[in-house]
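Hi,

Here is the structure I promised to pass on.

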Amino acid sequence: AASRRVFYCCNCKVGGHGQRFSEYLLERPDWEVFPEQKWFTDEKSGQFYCPLGKKVVDFTDETQFSRYSMYIKGRIWLEEKTRMWDL
């Protein structure tokens, strides 16, 4: 990856911190936006998105299309505020 000049991120609108991480990556000169497309619709959750052409990109919040993941040990405590009472 060191010889690559451009990295791509895609916001698949999953929610959570993925969009924020993409915004931070895009502040770097070697990161660019990769377009998304409609992937499928679920009656319960609604519309899902993936990178255009269902390509794997360097970073996206839809982890099966992402080379890099955003998993942080203990992140459940950040994402589910109601668990604070369990501490």
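Which residues do ring pairs link into a cluster? They are Trp39, Phe40, Phe48 and Phe65.

Before the rest, a word on what you are looking at. This is a predicted model, where local features need pLDDT of at least 70 and side-chain atom pairs count only at pLDDT 80 or more, while totals for chains, interfaces and linings use all residues. Residues are numbered from 1 along each chain as its sequence is written, and side-chain values use heavy atoms, with hydrogens and water left out.

Back to the rings. Two rings of Phe, Tyr or Trp (for Trp, the six-membered ring) pair if their centres lie within 6.5 Å; planes under 30 degrees apart count as stacked, over 60 as edge-to-face and the rest as tilted. By this rule there are six aromatic pairs. One of them is Tyr8 with Phe34, an edge-to-face pair at 5.8 Å centre to centre with 80° between the planes. This pair links distant parts of the chain, 26 residues apart: Tyr8 is in strand β1, and Phe34 is in the loop between β2 (31-33) and β3 (36-42). Helices and strands here are DSSP runs numbered from the N terminus (helices H or I, at least four residues; strands E, at least two).

As for accessibility, buried means under 20% relative accessible area, exposed over 50%, and partly exposed in between (1.4 Å probe, protein chains only). Tyr8 is partly exposed at 30%, whereas Phe34 is buried at 19%.

Another pair is Trp39 with Phe65, whose ring centres are 5.1 Å apart and whose planes meet at 75°, so this one is edge-to-face. Trp39 lies in strand β3 and Phe65 in the loop between β5 and β6 (66-68), so the pair ties together parts 26 residues apart in sequence. Phe65 is buried, with a relative accessible area of 6%, while Trp39 counts as partly exposed at 23%.

Now for the charges. Taking a salt bridge as a side-chain nitrogen of Lys or Arg within 4 Å of a carboxyl oxygen of Asp or Glu, the count is two. Glu36 forms one with Lys13, with the closest N and O atoms 3.2 Å apart. Glu36 belongs to strand β3 and Lys13 to the loop between β1 and α1, so this contact ties together parts that are 23 residues apart in sequence. Glu36 is partly exposed at 32%. Asp58 and Arg67 also meet in a salt bridge, at 3.4 Å from N to O. Asp58 is buried, at 1% relative accessibility, but Arg67 is partly exposed at 48%.

Lys13 turns up again in two other places. What does its charged end sit over? That would be the ring of Tyr49, 4.3 Å from the ring centre; the rule here is NZ of Lys or CZ of Arg within 6 Å of the centre and within 35 degrees of the ring normal. Lys13 also has a positive phi, near 60°, without being a glycine. Most residues other than glycine have a negative phi. The residue sits in the loop between β1 (7-10) and α1 (18-26) and is partly exposed at 47%.

Lys54 is another non-glycine residue with a positive phi, about 55°. You will find Lys54 in the loop between β4 (46-51) and β5 (57-60), and it is partly exposed at 47% relative accessibility.

Cheers
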